[in-house]
There are 2 protein chains.
Amino acid sequence: MTYFHRGKSISEERQMKEQHGIGAGSILRRRKDGVFEHAHDELTIEEPLEIRLADKTVATTMRTPGHDEELAAGFLLAEAIVRKRGDVAKISHASDNVVVVDLAAGVKPKLSSAQRFGTISSSCGICGKNSIEAIRQSFPAIKSRSLRIDLTTLLSLPEQLREEQSDFARTGGIHAAGIFEIDGRLKIVREDIGRHNAVDKAIGRAFLDGLLPLDRHLLLVSGRASLEIVQKALAAGIPIVAAVSAPSTLAVNFARKNNQTLIAFLRPPSFNIYAHIERVILGDA
Amino acid sequence: MTYFHRGKSISEERQMKEQHGIGAGSILRRRKDGVFEHAHDELTIEEPLEIRLADKTVATTMRTPGHDEELAAGFLLAEAIVRKRGDVAKISHASDNVVVVDLAAGVKPKLSSAQRFGTISSSCGICGKNSIEAIRQSFPAIKSRSLRIDLTTLLSLPEQLREEQSDFARTGGIHAAGIFEIDGRLKIVREDIGRHNAVDKAIGRAFLDGLLPLDRHLLLVSGRASLEIVQKALAAGIPIVAAVSAPSTLAVNFARKNNQTLIAFLRPPSFNIYAHIERVILGDA
């Protein structure tokens, strides 16, 4: 049975939503000139996604539909439940808002993570930890110090990210995360109503493609850099994290400790470097 | 023992941090004219807060220190663990980043909430739900339809909120939530690195002061309106929610269903009304 709605079948509409992450709604708008008008407004879609490991729910997160398998993969990586591509046998939808992850035969979630099952709960990676100590994930610090990005490349990244976003996304209704190669080529862009989800999706894609560690890459987020963002980058081995907006104190401390370069307020021509400045070639922009 | 740091004792520094929610760090800045300079930068403080109910941890959230008791109270209200002021006997710090809530004698957390103990996990109110069904909280819809806000008042709110924020907050490093009376008087403003925390703190303050239900009030948030925001407002009985940025689809659907007025992109002179327009008097601005 197919239901039609404004000329589109429900499944077509769902597909459209998943492709663009937006829905439409009827609203009353007050324009700048003070005139009221009825209008249709695009809205960021927000729906819950339940992530199951075999038959156990490990997380429910509010996300923008689409790329759910990547979100699940990125989340499990950031939680240190999986470490490498081969740990995951299959990720599939049980229903629209439920994904099931099957681990490879013989792969057991690490005890330290497994202990937190039932309390792991959000893509933000913090929620659900039953104690503050548990927040510190155990990923090795970045080793390499040889990688460097030049100034011209760094300054080109925000515009590249914006160009890949939809018009709608640029209005600020949705977050974006981009993974760049060190020479500035954009490899993966993902968008989501949740900043952490956008990062999980981008990193999850790279994980599923067997590209980890991303040790010659940079992660750029369209918003702020909180602890979670740099932590997720570390899980993927990313040595440089950049953000268009502000970092938090914990993000800065975490990056300094783990040998990650942290750049924020990246709004060309200006930016700030908060940690491990040695990876930025400061001349010739 | 007291440690000194740039002329301030640690405890003084902590007090300063808690008052302003900011820290300072040494950075390298590239100015708009391309010149690099070493600078001190203000950062939003982000630290984990563990919320305990008696001896059981019910949530750990990343928050900006300060007003932790309010955050705990607002969180427990939004989770329907407490319903009225009298349910809470005492909220106190066990340490800097741990608050303990003692319920009044004879008050048992509702079973439906208690069942989720160990999975409730974040101020966002979504994380930790073990099933998608559990996401829908059971708060009654707003009953009154008589309350109305006039246009001039509505348009004055964002500027009022901004005036109460610190200079630092205005740069976007921190979220703000304000509770206004229907005539436009600002009652409570709270700031936090997490949008949901800012709302929990503002509503938690009102809860602790015995002001609920806030049935003649409006909640304004400095960012986007997700499901959680309107849900938390409903828990406090707030009939009108306004946001400076975009709403999500679920927030709109939730507000429509629960008889809440939802206004977003409130950027005077323009704004959009997404739900229950009847509470806005459209003339005379």
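Trainee: Let me start with one residue: is Phe265(A) buried or exposed?

Mentor: Phe265(A) counts as buried, because its relative accessibility is 18% and the limit for buried is under 20%. Keep in mind as we go that this is a predicted model.

Trainee: Where does Phe265(A) sit?

Mentor: Phe265(A) is part of strand S14 of chain A. Its backbone deserves a look too: phi is positive, about 50°, although Phe265(A) is not a glycine.

Trainee: And over in chain B, what is phi for His67(B)?

Mentor: Phi of His67(B) is near 60°, again a positive value in a residue other than glycine. You'll find His67(B) in the loop that runs between strand S6 (56-63) and helix H2 (68-78) of chain B. With 39% relative accessibility, His67(B) counts as partly exposed.

Trainee: Let's switch to rings. How many aromatic pairs are there over all chains?

Mentor: The count is 2. One of them is Phe36(A) with Phe271(B), an edge-to-face pair with 6.0 Å from centre to centre and 70° between the planes.

Trainee: Why does that pair join two chains?

Mentor: Because Phe36(A) belongs to strand S4 (residues 36-44) of chain A, while Phe271(B) belongs to strand S15 (residues 270-275) of chain B.

Trainee: How covered are those two, buried or exposed or partly exposed?

Mentor: Phe36(A) counts as partly exposed, at 24% relative accessibility. Phe271(B) counts as buried, at 1%.

Trainee: What about the rings of Phe271(A) and Phe36(B)?

Mentor: Their centres are 6.0 Å apart and their planes meet at 70°, so this pair is edge-to-face. This pair also crosses between chains, going from strand S15 of chain A to strand S4 of chain B. Phe271(A) is buried at 1% relative accessibility, and Phe36(B) is partly exposed at 24%.

Trainee: What follows H7(A)?

Mentor: Gly237(A) follows H7(A), and its phi is positive, near 75°.

Trainee: Now Leu147(A). Where is its place in chain A?

Mentor: Leu147(A) is in the loop between helix H3 (111-114) and strand S9 (149-150) of chain A. At 2% relative accessibility, Leu147(A) counts as buried.

Trainee: What is Leu147(A) in contact with, leaving aside its neighbours within four places in sequence?

Mentor: Its contacts include Ile182(A), Asp215(A), His217(A), Pro239(A) and Arg279(A). As for Ile81(A), this residue is 66 residues from Leu147(A) in sequence and 28 Å from it in space, C-alpha to C-alpha.

Trainee: Where is Pro213(B) found?

Mentor: Pro213(B) is in the loop between helix H6 (195-208) and strand S12 (217-221) of chain B.

Key:
Residues are numbered from 1 along each chain as its sequence is written. Chains are lettered from A and ligands numbered from 1 in the order in which they are written. This is a predicted model: local features need pLDDT of at least 70, side-chain atom pairs count only at pLDDT 80 or more; totals for chains, interfaces and linings use all residues. Side-chain values use heavy atoms; hydrogens and water are left out. Rings of Phe, Tyr and Trp (its six-membered ring) pair if their centres lie within 6.5 Å; planes under 30 degrees apart count as stacked, over 60 as edge-to-face and the rest as tilted. Helices (H or I, at least four residues) and strands (E, at least two) are DSSP runs, numbered from the N terminus. Buried means under 20% relative accessible area, exposed over 50%, partly exposed in between (1.4 Å probe, protein chains only). Contact means heavy atoms within 4.5 Å.
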